[in-house]
Amino acid sequence: MSVERGVNYFDVAPSYGNAQEKLGPALEPYRKNCFLACKTAKRQRAAAEAEFKRSFELLRTDWFDLYQLHSISDVAKDVDAVFVSGGVMDMLIDAKKSGRVRHLGFSAHSIEAAVAALDRYEFDSVLFPVNFATYYEGNFGPQIMPRPWRRAPRGWH
């Protein structure tokens, strides 16, 4: 197994085919020594809660080191939807407070969606495609780089 060769970071999502079903049993004996990241593309709380619970079962774990909003790309459809009062972000913040999630993050391919999310919560992690060409020549990325260190508005901590 890759853990025996020094790999200790594992990233999975329900949308990755049967990856959770395979990773859960394989990672179970090594879980305490690994960093496990999972994510949700669900934007409604009930669906996100069901997926969250199912991921715990399939991955045979009691906590996620990182849980992410997967592929936010539109402010209204994604960011506004998860930040609605009583919505997905409230569920994830509660999961973090209870210790079921250690860190919260998101992945994005849209500057506008990433900035909107960072303005609403002080995330622990941001997955965003950055490389020399897009950053310097395409002006895609500099807008979010300083933002994670800003304080989020009150009420989302």
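Mentor: A residue counts as buried when its relative accessible area is under 20%, as exposed when it is over 50%, and as partly exposed in between, with a 1.4 Å probe and protein chains only. The model before us is predicted, so local features need pLDDT of at least 70 and side-chain atom pairs count only at pLDDT 80 or more, while totals for chains, interfaces and linings use all residues. Residues are numbered from 1 along each chain as its sequence is written, and side-chain values use heavy atoms, with hydrogens and water left out.

Trainee: In what order do the strands of the open sheet stand?
Mentor: Helices (H or I, at least four residues) and strands (E, at least two) are DSSP runs numbered from the N terminus, and two strands pair if DSSP finds at least two bridges between them. The pairing in this sheet is parallel, and the order of its 5 strands is β1-β2-β3-β4-β5.

Trainee: Which are the edge strands?
Mentor: An edge strand here pairs on one side only. The strands that do this are β1 (9-11) and β5 (125-127).

Trainee: What angle does the direction of helix α4 make with that of β4?
Mentor: Helix α4 (residues 88-98) packs on the sheet and touches both β3 and β4 (101-108), where contact means heavy atoms within 4.5 Å. Axes are lines fitted to C-alpha atoms, for helices over the stretch in contact, and angles between N-to-C directions run from 0 to 180 degrees. On this scale, the angle between α4 and β4 is about 145°.

Trainee: How many residues apart in sequence are the parts that Asp65 and Arg102 tie together?
Mentor: The side chains of Asp65 and Arg102 meet in a salt bridge at 3.3 Å, N to O, a salt bridge being a side-chain nitrogen of Lys or Arg within 4 Å of a carboxyl oxygen of Asp or Glu. Because Asp65 lies in strand β3 and Arg102 in strand β4, the parts that the pair ties together are apart in sequence by 37 residues.

Trainee: Which residue is linked with Asp65 and Arg102 in a network of salt bridges?
Mentor: A search of the whole structure finds 9 salt bridges. In the network that holds Asp65 and Arg102, the residue linked with them is Arg31.

Trainee: How far apart are the closest N and O atoms of Asp80 and Arg120?
Mentor: Asp80 lies in helix α3 (residues 75-82) and Arg120 in helix α5 (residues 111-120), so the pair links distant parts of the chain, 40 residues apart. Asp80, at 33% relative accessibility, counts as partly exposed, and Arg120, at 24%, also counts as partly exposed. In their salt bridge, the closest N and O atoms are apart by 2.6 Å.

Trainee: Within what arc do the buried residues of α3 fall?
Mentor: The buried residues in α3 include Asp78, Val79, Ala81 and Val82, and the buried residues of this helix pack against β3, α4 and α5. The arc is that of the directions from the helix axis to the C-beta atoms. Seen down the axis, the buried residues line one face of α3, because they fall within an arc of 170°.
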